Amino acid sequence: MFQDVRSFYQAYIIMAILKEYMSYLFTYFIHLYFLFAYLAHSLLLFNKVGCLGMEHFDNINAFTLIKTLPESPIKKVYAVYKSCFLLTENGELWVAGDNNLGQLGLANESVKKVNTFTLVETLPTDPIKEIVLLKESTFILTENHQIWSCGNNKSGQLAQGNNTNNPTFTQVELPDAVGHIQQLAGKGSGSIYLLSQNGTVWSCGRNSEGQLGLGDFEPRNVFTQITIFPVELFTIKKIVSAETCLYIWLQDDSIYACGENKGNLGIGNEINQHTLIHIPFPHSYVPFLSPIPTIEDICATGLNLYVPAQTKNL
């Protein structure tokens with residue numbers, strides 16, 4: 001009997017030692033993984049695809065003059081993820097960085113990364129009014145209310161009626177009901193929205209969290225009008241896209257939202273919404289029961305919405 005008990009405790013001790021050893025080993029490899037991940041991000045990510053336009057792929061940790069730039073003065077700089085776009089005063093578009101899915105619009109699928117700012121040859125003839133960048137998809141809004149798109153089209157976000165990636169800027173065929181475009185908005189990996197001057201809102205692309213506001217979770221590869229809306233559409237002041245949700249700001253300073261909800265929609269729960277829902281603001285913003293101040297603007301990053309007011313509150 002003593003021999004059995006002693007054997008039992010010996011086995012127990014051995015198992016305890018092995019368990020502790022495996023725990024330390026697991027922790028060691030986890031720490032090692034995060035160390036390598038951190039170093040890879042710090043040392044390689046920032047310019048490994050040439051997005052700095054410095055004619056090489058080395059990381060740079062200090063501001064350095066870019067030698068190769070267009071002759072025309074730069075009007076505006078656009079950047080997202082690992083790609084950079086320069087819009088010049090004479091209407092040219094120069095690009096650098098990640099082109100793995102054709103998002104630079106260079107009409108060449110074999111060129112995966114560009115480390116020198118390069119002129120985009122295939123552009124609309126109309127002047128460019130605005131450029132909207134998703135993570136790997138690029139949109140151009142022209143002064144003549146045309147939309148051109150290129151890049152990743154896995155969810156149909158290019159609005160070209162298919163789900164095929166396109167390395168060349170191609171004009172989007174818009175429904176006649178769209179009319180003149182007031183605003184084009186998009187952010188994240190796969191959803192794009194437009195606000196028409198007639199007050200209608202249209203959405204396209206990824207819809208896994210209901211962010212298109214169409215009453216379901218199915219993606220779209222053409223612009224589709226959001227018709228499930230609790231108020232008159234012509235009162236819309238601005239639309240703002242976050243990573244996987246949409247916010248709409250009305251003339252009366254009310255805000256509606258749909259899409260992924262990890263508490264960011266401000267509706268008191270964390271249930272994703274596939275139709276637009278009103279965000280209930282508190283009756284006061286200070287303990288003195290003061291009225292809500294006039295909203296100056298709305299902006300979003302990640303999933304979060306920020307609402308600056310005239311009183312400097314946020």
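Predicted model: local features only at pLDDT ≥ 70, side-chain atom pairs only at ≥ 80, totals over all residues.
Student: Why is Asn-47 called buried?

Tutor: Buried means under 20% relative accessible area, exposed means over 50%, and partly exposed is in between (1.4 Å probe, protein chains only). Asn-47 has 0% relative accessibility and therefore counts as buried; its place is the loop between α1 (2-45) and β1, where helices (H or I, at least four residues) and strands (E, at least two) are DSSP runs numbered from the N terminus.

Student: What makes the approach of the Asn-47 side chain to the backbone oxygen of Asp-58 a polar contact?

Tutor: A polar contact is a pair of N or O atoms within 3.5 Å; within protein, one must be able to donate a hydrogen and the other to accept it, and residues adjacent in sequence count only if both atoms are side-chain atoms. The side chain of Asn-47 reaches the backbone oxygen of Asp-58 at 2.8 Å, and a polar atom of that Asn-47 side chain also lies 3.0 Å from the backbone nitrogen of Leu-52.

Student: Why is the pair Asp-253 and Lys-237 called a salt bridge?

Tutor: The term requires a side-chain nitrogen of Lys or Arg within 4 Å of a carboxyl oxygen of Asp or Glu, and the side chains of Asp-253 and Lys-237 meet at 3.7 Å, N to O. This pair links distant parts of the chain, with Asp-253 in the loop between β14 (245-250) and β15 (255-259) and Lys-237 in strand β13 (residues 236-241), 16 residues apart. Asp-253 counts as buried because its relative accessibility is 17%, whereas Lys-237, at 28%, counts as partly exposed.

Student: How many salt bridges does a search of the whole structure find?

Tutor: The search finds 5 salt bridges. Among them, Lys-238 and Asp-297 meet at 2.8 Å, N to O, and they too link distant parts of the chain, Lys-238 lying in strand β13 and Asp-297 in the loop between β16 and β17, 59 residues apart. Another joins Lys-262 to Glu-260, with the closest N and O atoms 3.4 Å apart; here Lys-262 is exposed because its relative accessible area is 58%, while Glu-260, at 13% relative accessibility, counts as buried.

Student: How do you know that the charged end of Lys-113 sits over the ring of Phe-57?

Tutor: A charge sits over a ring if NZ of Lys or CZ of Arg is within 6 Å of the ring centre and within 35 degrees of the ring normal. The charged end of Lys-113 sits over the ring of Phe-57 at 4.7 Å from its centre, and Lys-135 lies over the face of Tyr-81 at 4.6 Å from the ring centre.

Student: Why is Ile-74 called partly exposed?

Tutor: The relative accessibility of Ile-74 is 33%, so this residue counts as partly exposed; Ile-74 lies in strand β1 (residues 74-80).

Student: Where is Glu-296 placed, and why is Glu-296 called partly exposed?

Tutor: Glu-296 is placed in the loop between β16 (273-278) and β17 (299-301), and Glu-296 counts as partly exposed because its relative accessibility is 46%. Glu-296 and Pro-308 are 12 residues apart in sequence, and their C-alpha atoms are 5.7 Å apart in space.

Methods. Residues numbered from 1 in each chain as written. Heavy atoms only, no water.
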